[in-house]
Amino acid sequence: SKFLVADEVGLGKTLVARGVVARALEHLQDEVERVDVIYICSNAAIAAQNVNRLNVSGQKGFAIASRLTLLPMHVHRLAENRINFVSFTPGTTFDMKSRGGRVEERALIYKMLCGAEWDVGSGLLNMLQASVRNRGNWLSWIRNWDPKIDEDLTQAFRVDLNDDEAFTERLGNSCECFREYRHNVPWDQSNERYALVGELRHRLAQTCLHALEPNLVILDEFQRFKDLLDGDDDAAQLARSLFDYPGVRTLLLSATPYKMLSLDHEQNDDHYPDFIRTLEFLFDQDSEAIEGVRRNIQLYRSGIFTLADGGETTIDVVRDRLQNSLLQIMCRTERVGMTQRLDAMMIEPPRKAALHPDDLDHAATADRAARAVGAREPIEYWKSSPYLLNFLKNYELRRRIDAVVDAPPDELLETLRQGDG
């Protein structure tokens with residue numbers, strides 16, 4: 001259910017992902033009511049750049065670029081669409097180290113919890129003001145911002161909190177402390193306050209994950225956030241909720257999935273443990289498969305030292321066995337300039353283009369039309385496109401034809417009449 005495309009930079013990993021999205025939609029169109037594609041990348045700019053490339057459906061409203069904690073405002077759109085593309089960045093979605101988050105997140109949390117049984121009036125309002133120095137700006141968010149918030153998620157969020165009596169007691173005590181501040185809330189950076197805000201954001205993110213129904217998760221340049229794959233912190237746990245969703249498929253994209261060479265002084269940056277760590281994720285912690293790769297790597301290494309003694313046959317067998325194991329979970333294509341045969345692991349099938357009499361008729365028609373309007377020889381255009389005069393746009397020949405369309409010369413009219421086939 002997991003696969004790594006590790007093609008060299010510039011060889012089209014995003015286009016591969018687009019093909020995978022297309023195949024997923026084709027496979028699932030009759031099996032599920034809604035297809036959710038989750039795209040995780042290092043920043044929002046990359047997500048915005050790749051949205052159109054991955055939108056094989058061509059439909060509007062395909063992409064929802066958002067923090068996970070803001071999903072309650074977008075759930076209704078998810079339900080309305082046949083296909084959804086939801087993009088997240090790990091730094092804002094999974095990592096809650098910036099515990100205060102954005103003002104929009106805290107205002108949303110307040111609106112979702114306002115009126116809950118343990119809400120102690122203005123205490124919650126004052127506590128969630130957090131880093132907003134200007135009281136008027138914070139109150140403006142609360143009074144004037146009116147997002148459409150999903151009722152089911154709101155209820156699920158409240159239930160999750162109410163099920164944890166220890167946390168709700170902590171939250172209630174904190175709200176009680178902040179209730180006394182009516183106008184100017186102190187610039188308070190206390191650990192407890194921001195620990196509670198961070199916990200609220202984390203719990204909301206967990207609740208929002210249940211609103212997603214991921215069918216395909218794409219991690220672009222995943223080596224930037226490998227800790228999500230096997231870490232044990234809150235961020236990794238959130239991410240694994242996506243990776244472990246029943247039936248989900250995960251596609252990793254990275255030109256440099258692990259470091260190929262480590263120097264003596266780089267003891268903490270060894271490529272081999274990093275490689276094995278990636279395998280563990282791709283093989284779903286299948287210890288037998290991972291141990292098989294380890295064993296074959298060791299046999300291959302040993303075989304290299306015996307080549308001078310005629311060990312070519314043995315090492316060929318080990319190489320093929322190792323290659324077959326790894327191709328189940330990963331592939332890599334590199335540029336041809338660095339290979340002896342210049343084939344880059346690719347096969348170029350021969351394709352013969354048959355020339356038919358109609359093709360020559362089209363060439364003659366294009367040639368006569370070009371002469372009729374004073375354009376240059378169109379043979380190179382003809383090589384590139386069928387029905388040349390129909391499809392040629394913004395080139396000299398077409399511009400000259402368009403220029404005389406209101407009063408075409410007789411030679412052009414006669415050419416077009418003869419070329420109507």
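I looked up the second largest pocket and noted a volume of about 600 Å³. The model I am working from is predicted.

I then listed the lining of this pocket, which counts 29 residues; Thr365, Leu389, Asn390, Leu416 and Gly419 are the closest to the pocket centre. For the elements, I noted that two or more lining residues each come from helix H16 (357–373), helix H17 (379–384), helix H18 (388–391), helix H19 (396–403) and helix H20 (410–418). H16 gives the largest share of the lining, with 8 residues.

I sorted the lining by class and wrote down 14 nonpolar, 8 charged and 7 polar residues.

Next I checked Tyr387, which sits in the loop between H17 and H18. Thr365 is already in my list of residues closest to the pocket centre.

Which residues make the nonpolar surface patch of about 240 Å²? I found Tyr300, Ile304 and Leu307. Of these I followed up Leu307, and placed leucine 307 in the loop between helix H14 (287–305) and helix H15 (312–326). Its relative accessibility is 35%, so I recorded leucine 307 as partly exposed. That value also passes the patch cut-off of over 30% relative accessible area.

Terms used. Residues numbered from 1 in each chain as written. Predicted model: local features only at pLDDT ≥ 70, side-chain atom pairs only at ≥ 80, totals over all residues. Heavy atoms only, no water. Patch = residues over 30% accessible without salt bridge, like charges linked within 9 Å, V, L, I, M, F, W, Y side chains within 5 Å. Areas by Shrake-Rupley, 256 points an atom, 1.4 Å probe, with all protein chains shown as cover. Salt bridge = Lys/Arg side-chain N within 4 Å of Asp/Glu carboxyl O. Helix = DSSP H or I, 4+ residues; strand = E, 2+ residues; numbered from the N terminus. Buried < 20%, exposed > 50% of the residue type's maximum accessible area, 1.4 Å probe, protein only. 1 Å grid on protein atoms, 1.4 Å probe; cavity = no way out; pocket = protein on both sides within 12 Å on 5 of 7 lines; lining within 4 Å. Points joined across faces, edges and corners; volume = space filled by probe spheres on them. Nonpolar A, V, L, I, M, F, W, Y, C, P; charged D, E, K, R; others polar.
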